[in-house]
Amino acid sequence: QVQLVESGGGLVQFGGSRELSCVATGGLFSAATLSWHRQAPGKSREVVATITPDGVTQYADSGKGRFAISRDNARNTVYLQMNNLEPEDTAVYYCQYQRKLILKKVEHWGQGTRVTVSS
């Protein structure tokens with residue numbers, strides 16, 4: 001069973017930076033595609049950034065040029081560096097772990113960490 005624990009959330013001023021971390025236990029971290037998602041109040045959850053096992057990254061338009069996802073397989077940790085934060089970035093941020101096995105896809109989520117950007 002894979003468990004994901006996010007940390008790093010908190011209150012940030014407009015234009016500030018924050019780094020989120022997500023530590024995984026269990027599973028095969030190095031073979032997983034890892035993503036950060038977020039859910040703002042009253043809105044649906046949306047993907048923010050994804051990193052493949054090979055280190056290929058993708059970003060939603062909302063984070064391009066401001067956010068950077070990275071992974072440290074030795075530490076079973078995925079990071080999200082967020083710069084130039086805006087009030088619209090206020091949300092609960094979730095870490096997702098995915099692996100495609102032969103007969104099924106495995107998916108796990110963390111409990112989320114809240115980021116609040118003050119204007």
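Biologist: How many positive and negative side chains does the chain have, and how far apart do the centres of the two sets lie?

Modeller: In such a count, Lys and Arg are positive and Asp and Glu negative, while His and the chain ends are not counted; the place of a charge is taken as NZ of Lys, CZ of Arg, CG of Asp or CD of Glu. This chain has 13 positive and 10 negative side chains, and the centres of the two sets lie 6 Å apart. Please keep in mind that this is a predicted model, in which local features need pLDDT of at least 70 and side-chain atom pairs count only at pLDDT 80 or more, whereas totals for chains, interfaces and linings use all residues. Residues are numbered from 1 along each chain as its sequence is written, and side-chain values use heavy atoms, with hydrogens and water left out.

Biologist: Which cysteines form a disulfide here?

Modeller: A disulfide is a covalent bond between the sulfur atoms of two cysteines, and the cut-off for calling one is a pair of cysteine sulfur atoms within 2.5 Å. In this structure, which holds one disulfide, cysteine 22 and cysteine 95 form the pair, with their sulfur atoms 2.2 Å apart. Cysteine 22 belongs to strand 3 (residues 18–25) and cysteine 95 to strand 9 (residues 91–100), so the pair ties together parts that are 73 residues apart in sequence. Strands are DSSP runs (E, at least two residues), numbered from the N terminus.

Biologist: Are cysteine 22 and cysteine 95 buried or exposed?

Modeller: Buried means under 20% relative accessible area, exposed over 50%, and partly exposed in between, with a 1.4 Å probe and protein chains only. Both cysteine 22 and cysteine 95 are buried.

Note on methods. Helices (H or I, at least four residues) and strands (E, at least two) are DSSP runs, numbered from the N terminus.
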